[in-house]
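Have the viewer open as you read.

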Amino acid sequence: MVKRRIIDLSATILLCIFAVIVISPVIIITVISFGNGGQAYPDVFIWNPTFINALTNSIIIAGGASFGTIIVSTLAAYVFAKVKFKGRDLLFYLYVIVMMMPFQVTLLPQYMVSKKIGIYDTPLSMILPGMFAPFAAFLLTQLMKSIPDEIIEAAKLDTGSTLRIIVSIVAPAIKHGIICAWALTFTEQWNMVAEPLILLESAEKFPLAVLLNGITAGDLIGFAATVVFSILPLLIFAFFEEEIMEGLGEYRLK
Amino acid sequence: MKRAIIISLIVLFCVTIFIFSIFGSEFREILAARVTTTTPTETYYGLSIPASAIHTNPDTGTSYVFIAERTDKYPEKGYVAKYVECNYSEVTDEIASEIDKISKSDVLIDWLSALTSKSIVIVDSDKKLVDGHMVIINK
């Protein structure tokens, strides 16, 4: 009994130490950024128009791509999970292969396509490829497979519209998964650095992740910019914490 | 309750970004320092500028001037204050009498500084100047 308690106590102490190590950079940066009476924040918001512009670009790109992902992935997942047709599994495996590929492999084709269809150097060149992120479709497919086919069949007899079945039966049933996929895609798009450098040309269209390096010149303004940059993903995680945990938990159980 | 607080913070964050994105240039114009400028005069002894343009760092003793630099950067065109370190010497009676263009209230900047005869030197300002902040030149 005593031995068990000692093990528990040691594990707790060890976890606390790890937690401090992980969280300390965030705390240090936040504390330093408020040095000099918090003067760095007005400097960032008022005297650094590039920062606000880049932050707006980040919100447009990450918001657009993540909402688009949810629409595309939910429809794709329904097809992979519930519609039977020849070559469905092959198509799904292709999707999974794309997910496993390093993203640098698909960058050049994305660049060529965006040039060809005339969206190069626009936010759309970031949003459109982001909408077809395979991870969200993969996650939602696994979750949709858990919905019994009988329910879908019954709903088909009742409404007849596939879109209505997805909106009113399938989507509410995997609500946590959808929110989880949205939050993960948003964070992924928010942190992107390599894609904007290839798919965008004008500096005023770059998201903040790309320009943060230039703003972070080692002074207080850099620390304040970093803190502001991390606020939105943290708030989103705090808001959807339960859904993200449950979404990933359900996915792991499949 | 927790969700209400977080959603309020998200809304506050987005509204702040929206306000500074739309009205940022107005804020900068209101808060920018109004400055009086001049251009240095080239003389045999160096560049001559009014002594009021010279600032000295009390901790390091380094002398510097602020110049107004034209910026075409997004989103607005204008002038920003730029910190330039320089060494100077005072104008002696002999130099002042020798060269008509300069007076005893001027200082001479040595040729090795980054200042040029085309630089727009800030002589006077209604606010404390900060490197990189926008300034408005008085007409």
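## A serine and its surroundings

If we set aside neighbours within four places in sequence, A:S33 is in contact with A:G38, A:A40, A:Y41, A:F223, A:A224 and A:V227. Keep in mind as you look around that this is a predicted model. A:S33 belongs to helix α1 (residues 2-33) of chain A. Is A:S33 buried or exposed? Its relative accessible area is 0%, so A:S33 is buried, the cut-off for that class being under 20%. The side chain of A:S33 also has a polar atom 2.7 Å from the backbone oxygen of A:T30.

Now to the rings. Over all chains, the structure holds 18 aromatic pairs. One of them joins A:F92 and A:F138: the ring centres are 5.8 Å apart and the planes meet at 15°, so this pair is stacked. A:F92 sits in helix α4 (residues 88-100) and A:F138 in helix α7 (residues 134-144), both of chain A, so the pair links distant parts of the chain, 46 residues apart. Both A:F92 and A:F138 are buried.

A:W190 and A:F229 are also stacked, at 5.5 Å centre to centre with 15° between the planes. Because A:W190 lies in helix α10 (residues 175-190) and A:F229 in helix α13 (residues 220-239) of chain A, this pair ties together parts 39 residues apart in sequence. A:W190 is buried at 1% relative accessibility, and A:F229 is buried at 10%.

Finally, look for charges over rings. The charged end of A:K115 is placed over the ring of A:Y120, 4.5 Å from its centre. In chain B, the charged end of B:R70 sits over the ring of B:Y79, 5.2 Å from the ring centre.

Conventions
Residues numbered from 1 in each chain as written. Chains lettered and ligands numbered in written order. Predicted model: local features only at pLDDT ≥ 70, side-chain atom pairs only at ≥ 80, totals over all residues. Heavy atoms only, no water. Helix = DSSP H or I, 4+ residues; strand = E, 2+ residues; numbered from the N terminus. Buried < 20%, exposed > 50% of the residue type's maximum accessible area, 1.4 Å probe, protein only. Polar contact = N/O pair within 3.5 Å; in protein donor to acceptor, adjacent residues only side chain to side chain. Contact = heavy atoms within 4.5 Å. Phe/Tyr/Trp six-rings, centres within 6.5 Å; stacked < 30°, edge-to-face > 60°. Lys NZ or Arg CZ within 6 Å of the ring centre and 35° of its normal.
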